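Dear colleague,

Please find below the structure that I am handing over to you.

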Amino acid sequence: MPAVRLRLGERSYELGTRCLVMGVLNRTTDSFFDRGAYFAMDRFLHRADQLVGEGADILDVGGVKAGPGPEVGVTEELERVVPAVAALRERFDVPLSVDTWRAAVAEAAFAAGAVVGNDISGFADPAYLDVAADAGASVVATHIRLAPRVPDPEPAYADVVGEVCEYLSERARWAEAKGIEGERVVVDAGLDLGKTWEQSLLLLRASDQLAALGFPLLLSASHKPFLGRLCDLAVEDRGWASLAAAALGVTRGARIVRAHDVQGTRRVCAAIAAVLEAA
């Protein structure tokens with residue numbers, strides 16, 4: 001697998017065998033994983049300190065969950081996300097990512113210190129790439145069939161891997177056309193976002209094809225429903241399955257893993273890097 005370079009803010013990474021771990025930080029009341037456990041700012045910052053201590057390379061802050069749920073307006077999302085990003089910027093020397101599909105929220109988060117816009121909508125907001133380019137931010141292009149928060153119970157594809165690859169290539173070109181250099185563009189297959197659990201498995205297995213697009217591939221599989229369906233496990237019991245998914249994805253070319261269990265994922269990535277580097 002050829003090495004790819006990634007730039008996050010002033011940092012530059014050569015991602016040959018190395019893999020970055022992105023720690024998940026939710027400022028939501030209804031996350032599928034933590035159910036609002038870290039919504040309060042003191043608990044949020046304590047969780048951030050834990051993730052950094054476990055080796056997180058990036059912290060990803062989200063204020064609205066991806067799936068259906070009560071409406072969260074722009075003002076409320078700004079109130080959740082921007083003070084959190086500012087507080088993290090003051091306390092930790094790690095790149096910060098904002099998990100939002102709204103350009104207004106991304107712009108404010110960039111001003112507060114975020115250097116990555118993690119957009120699960122595939123840049124549906126027409127101003128998103130402009131505000132990212134103006135801020136010098138990196139972006140994550142994620143495949144989704146419909147839109148965030150919209151139920152998609154019966155997604156159909158003639159060729160799910162081929163269609164996702166084509167979509168991500170197109171979104172990466174959109175970013176580059178706006179002046180965001182390729183080293184600041186990351187792609188994500190969007191497992192469970194408009195996919196059946198079987199389609200998500202196919203995409204995980206095809207990580208090598210996704211990585212071959214030439215951009216750092218982000219894997220976001222941690223505790224997701226497709227692993228629950230595959231292994232018949234509740235959300236809280238999907239830790240080992242999440243690590244197995246990370247191992248498979250990294251072996252096949254993923255170079256950023258978004259994870260709740262940063263320590264475990266860090267160890268998996270280190271073990272795989274050691275194997276790949278063995279003479």
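What volume does the largest pocket have? Its volume is about 930 Å³. This is a predicted model, in which local features need pLDDT of at least 70 and side-chain atom pairs count only at pLDDT 80 or more, while totals for chains, interfaces and linings use all residues. Residues are numbered from 1 along each chain as its sequence is written, and side-chain values use heavy atoms, with hydrogens and water left out.

Some terms come first. On a 1 Å grid over the protein atoms alone, a cavity is a set of points where a 1.4 Å probe fits but cannot get out, and a pocket is an open set with protein on both sides within 12 Å along at least five of seven lines; lining residues have an atom within 4 Å of a point. A volume is the space filled by probe spheres set on the points, which are joined across faces, edges and corners.

The lining of the largest pocket consists of 45 residues, and Ala66, Gly67, Asp192, Leu193 and Lys224 lie nearest its centre. Two or more lining residues come from each of β3 (20-26), β9 (217-220) and α8 (225-231); helices (H or I, at least four residues) and strands (E, at least two) are DSSP runs, numbered from the N terminus. The largest share, three residues, belongs to α8.

The second largest pocket has a volume of about 160 Å³. Its lining includes Leu8, Arg11, Phe92 and Val115.

There are five cavities of 30 Å³ or more. The largest cavity has a volume of about 80 Å³ and is lined by 14 residues, with Ser222, Ser242, Ala246, Ala259 and Thr265 nearest its centre. Helix α9 supplies the largest share of this lining, four residues.

Helix α9 (residues 239-251) also pairs with helix α10 (residues 262-277): their axes (lines fitted to C-alpha atoms over the stretch in contact, with angles from 0 to 180 degrees between N-to-C directions) come within 10 Å and cross at roughly 35°. In α9, Leu243, Ala246, Ala247, Val250 and Thr251 are in contact (heavy atoms within 4.5 Å) with Gly264, Thr265, Val268, Cys269 and Ile272 in α10.

Not counting residues up to four places away in sequence, Ser138 touches Arg7, Leu8, Val115, Val116, Gly117 and Arg184.

With kind regards
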